[in-house]
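Have a look at the sequence and the model, then read on.

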Amino acid sequence: MKVSPTKNLGFVAGLLVNILVFILSCAILAGVFGKAGQLYRETKDKNEAASEVYSLFAEARAEGIAAIDKSGDVSTSRTLVYYYNKSWQPAEGGTYAYEVRLAVTPQATAAGRLDRIEAVATDVKGNELCRMHTAVYAAGT
């Protein structure tokens, strides 16, 4: 039986179309997996930032604002800045990957002092990762 060139050409064309569809599918999947990895890293950074801010808040609630503010001045509004490396360990100001800024605003009350704290965690590029608010009450001060 003799195979005509037209049937052979149709087979090759069909094979090429299948290969192109396979290549296109692989490219789409590679893009999806790349985006998934990026989303994982961003989510991990945001979770770490929220955890660190919550830790600072818990320390301030447990021991008072003086526990996180080493300046000793607890009567005026101020901004406290904490620097962290890529693994969220404390770092120096010149070599950091993340920073947490705490804006502390004291408010005198009849029974003591209420410190309102707003925390903003950012990466080195200035992208906001987390923003939280809390208040710390200090009786009789």
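F11, V12, L15, L16, I19, L20, F22 and I23 together make a nonpolar surface patch of about 820 Å². Please keep in mind, as you look at it, that this is a predicted model.

Is L15 buried, exposed or partly exposed? Its relative accessible area is 42%, so L15 counts as partly exposed.

## The overall plan

Stepping back, the protein has one helix and four strands. Follow the chain along its sequence and the pattern reads α-β-β-β-β.

How much of the protein is buried? Of its 141 residues, 26% count as buried. The accessible surface comes to about 9,600 Å², and carbon and sulfur atoms account for 61% of that area. As for contacts between residues at least 6 apart in sequence, 43% of them join residues at least 24 apart.

## A hairpin of two strands

Now turn to strand 2 (residues 98-109) and its partner, strand 3, which run antiparallel and are joined by 12 bridges. These two strands form a hairpin, with two residues between them. To see the pairing for yourself, look for V104, which stands opposite I117 in strand 3.

Strand 3 is mostly covered, with 10 of its 12 residues buried. The relative accessible area of T122 is 12%, and buried means under 20%, so T122 is buried. Which residues does T122 touch, leaving out those up to four places away in sequence? They are A97, Y98, E99, N127, E128 and L129.

Our last stop is W88, which sits in the loop between strand 1 (78-84) and strand 2. Most residues other than glycine have a negative phi.

Is W88 buried or exposed? With a relative accessibility of 6%, W88 counts as buried, because the cut-off for that word is under 20%. So W88, a loop residue, is also a buried one.

Definitions and conventions:
Residues numbered from 1 in each chain as written. Predicted model: local features only at pLDDT ≥ 70, side-chain atom pairs only at ≥ 80, totals over all residues. Heavy atoms only, no water. Buried < 20%, exposed > 50% of the residue type's maximum accessible area, 1.4 Å probe, protein only. Contact = heavy atoms within 4.5 Å. Areas by Shrake-Rupley, 256 points an atom, 1.4 Å probe, with all protein chains shown as cover. Pairing = 2+ DSSP bridges. Patch = residues over 30% accessible without salt bridge, like charges linked within 9 Å, V, L, I, M, F, W, Y side chains within 5 Å. Salt bridge = Lys/Arg side-chain N within 4 Å of Asp/Glu carboxyl O.
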